[in-house]
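Please look through the chain shown below before reading on.

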Amino acid sequence: MRGEMLWFNESKDHGFIMTEEGERLAVAGEGFAGGARPVGRCAHRVVTFEIDGNGAARQARNVVFEPEPTTRRARMGSGSRGMRN
């Protein structure tokens, strides 16, 4: 499944993910694949994961962050290179 991180508390080692279907799932630190827990701000980062459990006890496991798209900077036009007013 896909979703996005809502938040993750490093000191408490848990957080939450919002699925594409609008379900809020808990995720424990050990739920991240390869132990790759988030460090710092992670809100709105896209993740893929599996769901473990049923009913109210459902939580995310095998969570993997998708690579963030690289952003490109706008290029200056050829006539304005290095000239600012």
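The model is a predicted one, in which local features need pLDDT of at least 70 and side-chain atom pairs count only at pLDDT 80 or more, while totals for chains, interfaces and linings use all residues. Residues are numbered from 1 along each chain as its sequence is written, and side-chain values use heavy atoms, with hydrogens and water left out.

The chain has five strands and zero helices, where strands (E, at least two residues) and helices (H or I, at least four) are DSSP runs numbered from the N terminus. Read from the N terminus, the order of elements is therefore simply β-β-β-β-β. Of the 85 residues in the chain, 22% are buried; buried means under 20% relative accessible area, exposed means over 50%, and partly exposed lies in between, with a 1.4 Å probe and protein chains only. The accessible surface of the chain comes to about 6500 Å², and carbon and sulfur atoms hold 48% of that area, as given by the Shrake-Rupley method with a 1.4 Å probe, in which only the protein chains shown count as cover for residues. Among the contacts between residues at least 6 apart in sequence, 44% join residues at least 24 apart, a contact being heavy atoms within 4.5 Å.

The pairing of strands can be followed from β4. Strands count as paired if DSSP finds at least two bridges between them. On one side, β4 pairs with β1 in the antiparallel sense over three bridges, and Val47 in β4 stands opposite Gly3. Five bridges join β4 to β5, again in an antiparallel arrangement, and here the bridge partner of Val47 is Phe65 in β5. Strands β4 and β5 form a hairpin with six residues between them, and Gly53 in the turn has a positive phi of about 95°.

Which residues make up the largest nonpolar core? The core consists of 12 residues, namely Met5, Phe8, Ile17, Leu25, Val27, Phe32, Cys42, Val47, Phe49, Ala60, Val63 and Phe65. A nonpolar core is a set of buried Ala, Val, Leu, Ile, Met, Phe, Trp, Tyr and Cys residues joined through side-chain atoms within 4.5 Å. The elements that give two or more residues to this core are β1, β3, β4 and β5, and β5 gives the most, with three residues. In soluble globular proteins, nonpolar side chains tend to be buried together.

Side chains of opposite charge can pair when their charged atoms come close. The structure holds five salt bridges, each defined by a side-chain nitrogen of Lys or Arg within 4 Å of a carboxyl oxygen of Asp or Glu. One of them joins the side chains of Arg2 and Glu20 at 3.4 Å, N to O; this pair links distant parts of the chain, 18 residues apart, with Arg2 in strand β1 (residues 2-9) and Glu20 in the loop between β2 (14-19) and β3. Glu20 is exposed, at 56% relative accessible area, whereas Arg2 counts as partly exposed at 36%. Arg2 also meets Glu66 in a salt bridge, at 2.9 Å, N to O. Because Arg2 lies in strand β1 and Glu66 in the segment after β5, this second pair ties together parts that are 64 residues apart in sequence. Glu66 is partly exposed, with a relative accessible area of 24%. Arg2, Glu20 and Glu66 are thus linked in a network of salt bridges. Elsewhere, Glu50 forms a salt bridge with Arg61, their closest N and O atoms being 2.9 Å apart. Glu50 lies in strand β4 and Arg61 in strand β5, so the pair ties together parts that are 11 residues apart in sequence. Glu50 is partly exposed at 33%, and Arg61 is partly exposed at 37%.

Two backbone positions remain to be noted. Most residues other than glycine have a negative phi. His44, although not a glycine, has a positive phi of about 75°; His44 is found in the loop between β3 (24-28) and β4 (46-52) and is exposed, at 59% relative accessibility. Asn62 likewise has a positive phi, of about 55°, without being a glycine. Asn62 is placed within strand β5 (residues 59-65) and counts as partly exposed, at 37% relative accessibility.
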